[in-house]
Every structure is written in C-alpha cells, then in structure tokens.
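I opened the notebook to record what I looked up in this structure, entry by entry. The sequence and model come below.

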Amino acid sequence: MTSLMLRGGRIIDPSSGIDGLYDVIVSDGEIIYALEPAGTITAPEGAAVIDCAGMWVVPGLIDPHVHLRDPGFAEKETIASGLRAAVAGGFTTVAAMANTSPVNDSPEVSSYMLQGAREAKAAHLVPVSAVTAGLQGRELVDFDSMIQAGARMFSDDGLPIDDQALLVRAFDQASQTGFAISLHEEDRALTANGAMNAGEASKYLGVAGIPVTAENLRVRRDLALAIGSEAPVHLAHVSTAKAVELIRAAKQQGANVTCEVTPHHFSLDDRAVLTWGPNARMAPPLRSRADVEALLEAMADGTIDMIATDHAPHDPESKCMSQLGGLFGPGKSVSRLSADDAETLARAANGVVGLETAVGLALSLVHRGIITAARMVEMMAVNPARLLRLSDRGCLTVGAPADITIIDPNFQWTVEPAIFRSKSRNTPFAGMRLTGLTIATIVGGEVIFDRRRDEVVK
Ligand SMILES: [Zn+2]
C-alpha cells in the first residue's frame, strides 16, 4: 500500500469551489484526506512526502481528443509513447480517437487499445468509438457493443459526417445511451485543395485557402439538429468567431452542446504558417487574429467548455519535410511558393503534437489575465470528465481515485521537441519560451511522472 502526502500546495478544485493552501493524503490509490489546512496534519507512517510549496495541485488533467496512431502507425506514435507523453504533459486520462488502422469500430480494436494502456502503466486511455463503420459515413457502428467494450464517446474525427439523415440517427443513439457524439465540422466541398486559412497569409504564399464558411456551415447545420434533440453533442476543435457565436446562441436555446478549443488555435493565427509551413498545418486551419480573439473571449465567458490538444503526431515524411523543410523555419523569410510547393503543402498531413505543451500554453492565458486558474482547471479536468461521464474524475474529493497533477505555474522553460516523450516532433512551438510546466503526475495513487527526479529541463 503506497501512501503519499502532498504538502503545502495550492489546491485548485473547481468541482467543489476550492482554491487555497491545503495538504492532501493519498493511500492505496485513493484520496483519503483532502482540504486539511496546510501544516495541520502529519504524514502517515511510511508516506512519501512531496513538497508542493509554490505548486498547484489539481485534479488529473483529462484530454478529450488525442490521436495515438495505434494500431496502425507505430512510426508516428504508439499507445505506450503517447500515454508517456500524456503524463509528461500532466494528463492522467486521454480519449483516443478512432482513426487508427484498423479503425476503432469494433470491440476487438477497443480491447487492443485498453490492453496496450494497461501495459503502458502511464495515463488512462478512454477509447473513442467511430460513429460509422470504417469511418465511411454510411452505416452506424453498434453503439451498445462499443460501449460495453469501453467507449465513452463516439466520433469520426478527422472526417465530417456528411449525411444528415445518418447524423440524426447517430444523435438518437447518443440520446438513448447518454454518450456524446464529437463532431469534426468541415464541408469538404469548400476545403478541397486548401492548404491553410483563406486570408492575407495564404495570398502572400500563393496557396489555396480554406474559408471559415467550410466550418461555419456545418456548425450551423449540426447545431440546428442538436437543438431539436436531447442528444449530447460535442463540437471538436472550434476555430472561428462565427462558430463560437453560433454555439453561444445554441446554448442559450437549451441545446445539450459542448465544445473544445485547441492550444494551437487559441495561441497562434494563420501567420504561423509563414514560419512553420507544414508544422502549422492542421484541420481546421489556424485562423485570423480576429478569430483567435473571439476564441479567447469564449474561453473566458464559458461558451467554450474545454481545452483539447488534438495531439496528432506525424513522421517527417507525412509532413513532406524533405520537400518543404528547407523553405520554412524561424529566421527564414519565405516568399511566394512555387505551384509545386503550394501543392505539396496542401498534401502534407494535418495535425500537430500537443500533449507536452498544453499546460504551458494554457497557463500563458492565466498569466495574461484572460482566464483564471480555476477556469483553466475547469477546462482541462472538470468539464472533460463530465463529457466522458467519468463521474469520479476531475475532482479531488475524498474517496476519489488519486489522479492528481502537480504544476509549477511559474517555471520558465523553452519548448524543445527533441526531448518530447512523443515519437513525433511536428510542433509550431519549437523554441517558444513558456511559463508553467507539469512537475509530477500521479495516476491511481502512484507517481507515474516526476520531472524533478528523472529529468533536467532547460
Ligand atoms: Zn478533427
């Protein structure tokens, strides 16, 4: 039986409205004392004491949207490497999307993922089931058998669900089962051949742009369907000012809707593509400064419920780095691309890694006074737990499983992709100075990651 005493940290637990200096004691995988005023209790015999002075002690962070690429793409990530990256980033639970090979549309694939997670002994994995067989958008999966196999959310993420009638039937399943459908909103007729957001930067580079309407039209259609249904509907990675305006209105009308934003969408605008090229390419694309401002406002006012990394590891070849790598990078001044290079950029795989930079990027909003510390924890633990219906997670209540993240909110560091736990390095944040870092991650009462013990961070 392992016991831990977390001494003297700032406990932030928005699920119970707590923010103050307390000691926490963990034993046998559970929280046995929380909210003892700091210094009033002594450590139980044999307990390891972790000095948390100056640290935040928060419910283990939960990421409702990651791609672990396993089964199928071990060169990009495996369940083990992805879950190690998760705990290094402070995440104790991640929801793994279904666009693996084979697709997670069967209990067998879900079992494989859960078995891999048990062996990895890092973060917990929640399998996200595909909505449609093979992500083909034609036939619904068997919701009940996927839930029995461990699914706690359904998504064809990576792809939109074009067929409206099929989506209505998926919403019926979500109403009946209570598990949310997460939607990747994109009208592919409007994104075709686009390499980045349509705007000044795409004109400068001479590449085809992806208009905000590609996202907005689908958000509008699907919110209209959600308003008429009881179904829990979640919108993944919202990126436009119009999308958050529509979501705000739908919530006012009582729709059972939640949404997420990624650290890259709230931190960067489309000019980042001029520096990072394919490593700033994802779907939806980085948008304009005005869109970013609208996202920040929606994070502060509660319209945006949670932060999700959309961790999307890729090898250099999928990112077309051999053709494009030389053109982009800090200090290089890229100009108009040749037709060939523009086409290559449009062909480069979508997505960036995010698990190991999310806490620092979210904290930058706290340091800038855009969101409070409690709001950050709400968006990274409380609300994702609710979405995935993990009723005993996202809180530091006595009796809850001891999934806890310890964060130094003032630690200054530089993003160095070479030391990522993830197998992939595709990030637009290399070299960025950030303030705030995960120091230790406790999963089920065990210290699974301890930065002070096993690694030097510059
Ligand atoms: Zn997506």
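Which residues does L83 touch, not counting residues up to four places away in sequence? I found L68, V94, A117, A120, A122, A123, H124 and L125, taking contact to mean heavy atoms within 4.5 Å.

**Conventions.** I noted that this is a predicted model, in which local features need pLDDT of at least 70 and side-chain atom pairs count only at pLDDT 80 or more, while totals for chains, interfaces and linings use all residues. Residues are numbered from 1 along each chain as its sequence is written, and side-chain values use heavy atoms, with hydrogens and water left out.

**Cores.** I then looked up the largest nonpolar core, which holds 114 residues, and saw that L83 and M299 touch the most other members. Such a core is a set of buried Ala, Val, Leu, Ile, Met, Phe, Trp, Tyr and Cys residues joined through side-chain atoms within 4.5 Å; buried means under 20% relative accessible area, exposed over 50%, and partly exposed in between, with a 1.4 Å probe and protein chains only. Helix α14 (residues 358–367) gives the most to this core, with 7 residues; helices (H or I, at least four residues) and strands (E, at least two) are DSSP runs numbered from the N terminus. Another core, of 19 residues, lies apart from it and has I31, C52, M55 and I439 among its members.

**Sheet.** I traced an open sheet of 3 strands in the order β6-β7-β8, with parallel pairing, where two strands pair if DSSP finds at least two bridges between them. Because β6 (61–66) and β8 (124–127) stand at the edges with a single partner strand each, one side of each is left without a neighbour in the sheet. The twist averages 20° from one strand to the next; axes are lines fitted to C-alpha atoms, for helices over the stretch in contact, and angles run from 0 to 180 degrees between N-to-C directions. Strand β7 (residues 91–96) is joined to β8 by 4 bridges, and A96 has P127 in β8 as its bridge partner. Helix α1 (residues 79–89) packs on the sheet, touching β6, β7 and β8, and its direction makes about 135° with that of β7. Helix α15 (residues 373–387) lies across β6 and β7 and runs at about 55° to β6.

**Zinc ion.** Which residues coordinate the zinc ion? I read D157 (OD), H184 (ND1) and H237 (NE2), at 2.0 to 2.3 Å; donors are N, O and S atoms within 2.8 Å of the metal (3.2 Å for Na, K and Ca), and as water is not among the atoms, sites may look incomplete. D157 counts as buried because its relative accessibility is 4%, and H237 counts as buried at 2%. I also noted that phi of H237 is near 25°, a positive value in a residue other than glycine.

**Backbone checks.** The peptide bond from D70 to P71 is cis, with omega near 15°, and P71 has its place in the loop between β6 and α1. The bond from A283 to P284 is cis too, with omega near -5°.
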